[in-house]
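Please have the sequence and the 3D view open while reading.

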Amino acid sequence: MKKFGSLIPRSFYNRDPRLVAPELLGKILVRREGRKVLTGRVVEVEAYLGENDAASHSARGETRRNAVMFGLPGFVYVYFIYGNHYCMNVSCLPKGIAGGILFRALEPLEGIEEMAMARGISIAGPKDLENLTSGPGRLAEAFDITRLRDNGKDLTRKKSDLFIAEDPSKDYDRARRILTTPRIGITKAAELPLRYVLAGNAFVSGPRIRG
DNA sequence: TACATGATGCCCT
DNA sequence: GGGCATCATGTAG
C-alpha cells in the first residue's frame with residue numbers, strides 16, 4: 001500500500017495563501033533521509049500574507065532572510081526563532097508577490113522512531129506521540145529541518161529530499177473538517193482568522209479543539 | 001557596531 | 001499559567 005500519493009504541483013501554491021492553507025490540510029509532508037522516509041499528515045497551518053499583514057516577515061519588503069517568500073511558489077522558507085527553533089513555511093503566489101504558509105503541526109505517520117530520536121525523546125505513551133510533531137519548532141526538529149539544509153528548497157520535485165504529496169487514504173480526506181482560528185504567538189494582526197486546523201485531530205498544537 | 005525583538009518550547013509552580 | 005533560554009535578523013546610531 002502506498003504511503004503517499006502524487007506530488008503537489010507548483011500551480012497549487014500559485015494562489016492566495018488563504019486559499020492554499022486550508023487545502024494543504026490532509027496533505028503529506030515527505031522527508032527522505034537516505035534509505036529512510038519520514039512522513040506526516042499536515043493537520044495545522046497558518047497563512048501569512050504580504051504587505052497588508054503586519055505579522056508576516058514579508059510585511060516590510062524583501063530582505064535576504066525573507067527572499068524565498070518573494071520568489072516562485074512552492075519553495076521552502078525556513079527561519080530561526082527565539083534562539084532555539086526552526087520554523088518551516090512554503091511560499092505562495094507568483095514571483096515578486098510575497099506570501100506563505102507556516103506548518104504548525106503534523107500527524108506523524110512513518111519514521112516515528114527516527115523522529116523521536118531527532119527530538120531527543122522516547123515514545124512511552126500516546127501523549128508522547130501527540131507531542132512529537134505538534135508545534136512548528138517540534139515538527140522542524142523531528143524532520144531535521146534547518147535553514148542551512150532546507151531554506152530555498154523546491155517542494156515540488158520528487159527527487160528532492162523534502163516534498164509534499166497527496167494523501168492516498170481517501171476516507172480520511174472525506175471525513176476531514178476544517179476549523180479557522182486566530183494565529184498563535186503573534187502580537188501584530190493577531191485578530192485575523194488565518195490559522196487552519198483539522199477539527200478534533202489530536203496532533204493539533206495548543207489547547208484541544210473539539211470537533 | 002550595538003541593541004531590541006520574536007510565526008517557541010520547556011520546565012517550574 | 002508564567003518565566004526564560006538563546007541568537008539571527010533588522011534597524012538605528
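The points below cover the DNA surfaces, the nonpolar cores and the aromatic pairs.

This is a predicted model. Of the 19 residues around DNA strand B, Tyr79, His85, Asn89, Arg119 and Arg138 come nearest. DNA strand C has its own set of surrounding residues, including Arg60, Arg65, Tyr82 and Asn84. The largest nonpolar core holds 41 residues.

**Surface near DNA strand B**

- Four elements each supply at least two residues of this surface: strand S3 (76-81), strand S4 (85-91), strand S5 (100-110) and helix H6 (136-142).
- The largest share, 3 residues, comes from H6.
- By class, the residues of the surface near DNA strand B split into 10 nonpolar, 6 polar and 3 charged.

**Contacts with DNA strand B**

- Tyr79 contacts a base instead: an N or O atom in its side chain is 2.7 Å from a base nitrogen of DNA strand B.

**Surface near DNA strand C**

- The residues surrounding DNA strand C are Arg60, Thr63, Arg65, Phe80, Tyr82, Gly83, Asn84 and Arg147.
- Sugar and phosphate make up 71% of the atoms of DNA strand C that come within 4 Å of the protein.
- The residues of the surface near DNA strand C divide into 2 nonpolar, 3 polar and 3 charged.

**Contacts with DNA strand C**

- A polar backbone atom of Tyr82 lies 2.3 Å from a base oxygen of DNA strand C.
- Asn84 uses its side chain: an N or O atom there is 3.1 Å from a base nitrogen of DNA strand C.
- For Arg65, an N or O atom in the side chain is 3.4 Å from a sugar or linking oxygen of DNA strand C.

**Nonpolar cores**

- In the 41-residue core, Tyr13, Leu24, Met88, Ile101, Phe103, Phe143 and Ile164 touch the most other members.
- Strand S2 (residues 36-48) gives the most to this core, with 5 residues.
- Apart from this core lies another, of 11 residues, with Val68, Met69, Tyr79 and Ala98 among them.
- Leaving out residues up to four places away in sequence, Tyr13 touches Ile8, Val20, Leu24, Pro73, Gly74, Val90, Ser91, Cys92, Leu93, Thr156 and Ile164.
- In soluble globular proteins, nonpolar side chains tend to be buried together.

**Aromatic pairs**

- The count comes to 4 aromatic pairs.
- The Phe4 and Phe163 pair is edge-to-face, because the ring planes stand at 75° and the centres are 5.6 Å apart.
- This pair links distant parts of the chain, 159 residues apart: Phe4 sits in the segment before helix H1 (10-13), and Phe163 in strand S6 (residues 162-165).
- Both partners are covered: Phe4 is buried at a relative accessible area of 15%, and Phe163 counts as buried at 0%.
- Tyr77 and Tyr79 form a tilted pair, with 5.7 Å centre to centre and 40° between the planes.
- Tyr77 and Tyr79 are buried.

Key:
Residues numbered from 1 in each chain as written. Chains lettered and ligands numbered in written order. Predicted model: local features only at pLDDT ≥ 70, side-chain atom pairs only at ≥ 80, totals over all residues. Heavy atoms only, no water. Core = buried A, V, L, I, M, F, W, Y, C linked by side-chain atoms within 4.5 Å. Buried < 20%, exposed > 50% of the residue type's maximum accessible area, 1.4 Å probe, protein only. Contact = heavy atoms within 4.5 Å. Near = heavy atom within 4 Å. Polar contact = N/O pair within 3.5 Å; in protein donor to acceptor, adjacent residues only side chain to side chain. Nonpolar A, V, L, I, M, F, W, Y, C, P; charged D, E, K, R; others polar. Phe/Tyr/Trp six-rings, centres within 6.5 Å; stacked < 30°, edge-to-face > 60°.
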